[in-house]
Amino acid sequence: MESTAAAARAFPPFFAESARSSSQSRIPSRPKLSRSPLLSSLSRKIGLRAPPTAVAMSGAAAAAADENPSSKEAKLWGGRFEESVTETVERFTESISFDKELYRQDIRGSKAHASMLAKQGLMDDSDRDKILEGLSEIERLIENGEFKWRADREDVHMNIEAALTDMIGEPAKKLHTARSRNDQVQTDFRLWCRDAIDRIIPYIAHLQVALVTLALKNEGLIVPGYTHMQRAQPVLLQHHLLAYVEQLERDIGRLVDCRARLNFCPLGACALAGTGLPIDRFMTADKLGFSAPMRNSIDAVSDRDFVMEFLSANSIIAVHLSRLGEEWVLWASEEFGFITPSDSVSTGSSIMPQKKNPDPMELVRGKSARVIGDLVTLLTLCKGLPPSYNRDLQGVPFRTSHDIVGRSVAFCVSQNCQLKDLSLDELRSISPVFDKDVYEYLGVENAVKNFCSYGSTGLECVASQVDYWVRKLNIERI
């Protein structure tokens, strides 16, 4: 059965080497896969931290680090801090060596966000244009290998934003208005998973075609059917091969279902509670190809279900491929002798010249364990994870306001008081941007009252969410 080679070559390598993101097209005609540490490093990429046994920097991280420590810049979030983090902490907490894989999705999300801010009057059109042009140039530099990733800038988001600030100056500081790295990374990763699904499905379909083609070439061929690894009943080889085609069809269905469930946009949920700024989350969701914005801002930044479902679907695919690989390894043995693998998909022995080993199928069988291991790792990390994150605020350009609020918090810490307790003169000693209306926003009650974005924790927004579930679940109000 020399045509076995065609089917063997059709095995998708995605579970051994995770798919890099695709372009905007849903199913690229010539997908290419390259090794990605994303799926095996989910804890770093989606904001989770597992307790490691040693503080060590990976080779990739070391390569990403800036060679000259004295050139390190102040953190964009450092306004509240009096001391900088140590080199050890910086190496321990960096994620750029992993999440730089998300750069396409990060830039795509930032472009959509900037366009929305301009439409809503939260940014000038000229600033938007500079941001969009700068982001395109950064993407070009990354694609050409000319972009310098810096470990002291922590992650893909801060690397791109800091580079944009270096490139275009003040307008870049407005880009983070009404968003946090919390909703940003969730948006990036949903886009990455969606792109990965769109790349994986054609590989599965290609394998289905190869198996059906092999069945057509062996019409009428009868082989033993086995139960308990003992010969049981005669079956047509076509029937046997089509059993795998059916399994793969269900695999595609699971990925399609997963894509539909993950295709909701968290952008605009900010740190966890939404924002008091008049953003349009439906616009950004539409520009990024999502079905709609996520209804609940806390769920938007804390949800990991889509990653678990994505890995679960991939794990089932890997199991199916492993079973097929195991069967063909047996069939290629002298004891079975059902198939003779083509030379193009076999290897030999360094000491036994008669050997012809079906190594690719053995690796299909073996590497499936990595996908299953990734799923178990993520489930273990998520089992005790509390919902949401923290961070946010606005006025002037976001990065400038972040620094002002950080210094204000540091002043409150030194005075052992709260922000709402500071006098206007004290606030103005920190920054002249403060005016008497600032007290309408200080304090937890005012903070909640001023949240107004879709899905946020504002009173009206939450009341709308409650009404939705009361109607959906047909609950009678008491």
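I started with Gln465, which is found in helix H18 (residues 459–472). Helices here are DSSP runs of H or I with at least four residues, strands are E runs of at least two, and both are numbered from the N terminus. The model is predicted: local features need pLDDT of at least 70, side-chain atom pairs count only at pLDDT 80 or more, and totals for chains, interfaces and linings use all residues. Residues are numbered from 1 along each chain as its sequence is written, and side-chain values use heavy atoms, with hydrogens and water left out.

Is Gln465 buried or exposed? I found Gln465 buried, with a relative accessible area of 15%. Buried means under 20%, exposed over 50%, and partly exposed in between (1.4 Å probe, protein chains only). I then looked up its contacts (heavy atoms within 4.5 Å). Leaving aside neighbours within four places in sequence, Gln465 touches Arg295, Asn296, Gly455 and Ser456.

Next, the whole chain. I noted 18 helices and 4 strands. Of the 478 residues, 46% are buried. Among contacts between residues at least 6 apart in sequence, 75% join residues at least 24 apart.

H6 (residues 103–119) and H7 (residues 125–143) pack at about 175 degrees, with axes 9 Å apart. Axes are lines fitted to C-alpha atoms, for helices over the stretch in contact, and angles run from 0 to 180 degrees between N-to-C directions. H6 and H7 are therefore roughly antiparallel, a term for angles over 145 degrees. Residues making the contact include Ile107 and Ala114 of H6 and Leu132 and Leu135 of H7. By class, I have 9 nonpolar, 3 polar and 6 charged residues there. Nonpolar covers Ala, Val, Leu, Ile, Met, Phe, Trp, Tyr, Cys and Pro; charged covers Asp, Glu, Lys and Arg; the others, Gly among them, are polar.

Last, the rings. Rings of Phe, Tyr and Trp (its six-membered ring) pair if their centres lie within 6.5 Å; planes under 30 degrees apart are stacked, over 60 edge-to-face, the rest tilted. I get 9 aromatic pairs by this rule. Phe147 and Trp149 have ring centres 4.7 Å apart and planes at 70 degrees, so they are edge-to-face. Both Phe147 and Trp149 are buried. Phe189, Trp192, Phe306 and Phe310 form one aromatic cluster.

I also checked charges over rings (NZ of Lys or CZ of Arg within 6 Å of the ring centre and within 35 degrees of the ring normal). Arg190 has its charged end over the ring of Phe306, 4.3 Å from the centre. Arg194 lies over the face of Phe290, 5.0 Å from the ring centre.

Key: Parallel < 35°, antiparallel > 145°, perpendicular 65-115°, else oblique.
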